[in-house]
Amino acid sequence: MLPLPVGLETALPELRRRLPARARILAVSKGQPVEAIRRAVALGQRSFAESRLQEAIAKQEALADLGALDWHFIGRLQANKVRGVLRHFGTIHSLDSLELAERMARIAAEEGLAPAVLLQVKLRPDPAKGGLSAEELQQLWPRLVDLKPLRLVGLMTIAPLGLDAAARLELFRDCAALADGLGLPERSMGMSQDWPEAVTAGSTWLRLGGALFGLRSA
Ligand SMILES: *Cc1c(COP(=O)(O)O)cnc(C)c1O
């Protein structure tokens with residue numbers, strides 16, 4: 001796969017040309033100024049991801065004139081931020097425990113919300129990242145599907161640093177197979193360094209920061 005051209009105005013259209021229809025681009029705007037988001041919106045991008053609640057709220061307020069954008073939360077979830085995350089994001093990619101899921105279901109019901117949720121899974125050892133193992137997910141599944149206001153739509157995974165392309169492809173295929181087995185249509189797989197393998201394995205959401213926007217400040 002050829003490297004992408006540098007610069008949002010060339011990288012985003014080029015990526016769209018190369019991707020199959022099922023692989024949608026989630027523009028990871030964390031650490032980017034609101035002007036970068038405006039430029040992406042001008043190119044037709046509507047789905048954005050943030051990993052910190054306060055940063056996202058400030059940006060959403062600054063961008064209110066653009067109308068409703070599709071905001072996804074990809075950061076580590078903290079129990080005391082669940083209500084804020086639910087109010088400011090329609091899709092959450094990083095739910096990784098039954099306790100948080102139960103809390104999220106209760107608060108979503110209180111708020112009258114039905115968020116789309118992807119469960120974060122960790123299918124290879126990675127001390128730096130959270131996520132349910134395949135065994136934990138299978139074991140918790142009957143209780144998770146009972147948490148009514150949550151719409152469980154998919155799985156999210158992050159490849160550990162240091163895997164080669166073949167090992168990443170195998171990891172993403174395992175994640176896709178796990179999602180298939182549970183009847184979940186969405187697979188949030190692939191970042192700037194590994195999106196080609198994720199596309200091959202059937203990703204439906206590519207979480208791309210640096211590949212689109214260049215280096216970020218945070
Ligand atoms: C920051 C982040 C991304 C984007 O990373 P890039 O390497 O800049 O594409 C994707 N997913 C998660 C969970 C992130 O935290």
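E197 lies in helix 8 of this predicted model, where local features need pLDDT of at least 70, side-chain atom pairs count only at pLDDT 80 or more, and totals for chains, interfaces and linings use all residues. Residues are numbered from 1 along each chain as its sequence is written, and side-chain values use heavy atoms, with hydrogens and water left out. Helices (H or I, at least four residues) and strands (E, at least two) are DSSP runs, numbered from the N terminus.

E197 has a relative accessible area of 13% and is therefore buried; buried means under 20% relative accessible area, exposed over 50%, and partly exposed in between, with a 1.4 Å probe and protein chains only. Neighbours within four places in sequence aside, E197 is in contact with A165, R168, L169 and F172, where contact means heavy atoms within 4.5 Å. Between E197 and E170 the C-alpha to C-alpha distance is 8.8 Å, and the two are 27 residues apart in sequence.

Helix 8 (195-200) also takes part in covering the buried residues of helix 1, as do strand 1 (24-28), helix 2 (34-42), strand 8 (205-208) and helix 9 (210-213), among others. Helix 1 spans residues 8-18, and its buried residues are L8, A11, L12, E14 and L15.

Strand 2 (residues 47-50) is covered on both faces: S47 and A49 are buried on one side, F48 and E50 on the other. Strand 2 pairs with strand 1 in the parallel sense over 2 bridges; two strands pair if DSSP finds at least two bridges between them. A27 is the residue opposite F48 in strand 2. From strand 1 the chain passes through helix 2 to strand 2, a right-handed β-α-β crossover. Right-handed here means that, with the strands pointing away from the viewer, the path from the first strand over the helix to the second runs clockwise.

Strand 2 also runs parallel to strand 3 (residues 70-73), joined to it by 4 bridges. F48 has W71 as its bridge partner in strand 3. Together with helix 3 (residues 53-62), strands 2 and 3 form a right-handed β-α-β unit.

Grid points are joined across faces, edges and corners, and a volume is the space filled by probe spheres set on the points. In the table, Ala, Val, Leu, Ile, Met, Phe, Trp, Tyr, Cys and Pro count as nonpolar, Asp, Glu, Lys and Arg as charged, and the others, Gly among them, as polar.

| Space | Volume | Lining residues by class |
|---|---|---|
| Largest cavity | about 60 Å³ | 5 nonpolar, 3 polar, 4 charged |
| Largest pocket | about 820 Å³ | 13 nonpolar, 11 polar, 9 charged |
| Second largest pocket | about 180 Å³ | 7 nonpolar, 5 polar, no charged |

The structure holds 1 cavity of 30 Å³ or more. The lining of the largest cavity includes Q120, K122, R124, K129, I158 and L171.

The largest pocket has a volume of about 820 Å³. It is lined by 33 residues, of which K30, K129, I158, M191 and R207 are the closest to its centre.

Residues lining the second largest pocket include P3, L4, P5, W195 and G214. Helix 9 contributes the most to this lining, with 3 residues.

Technical notes:
1 Å grid on protein atoms, 1.4 Å probe; cavity = no way out; pocket = protein on both sides within 12 Å on 5 of 7 lines; lining within 4 Å.
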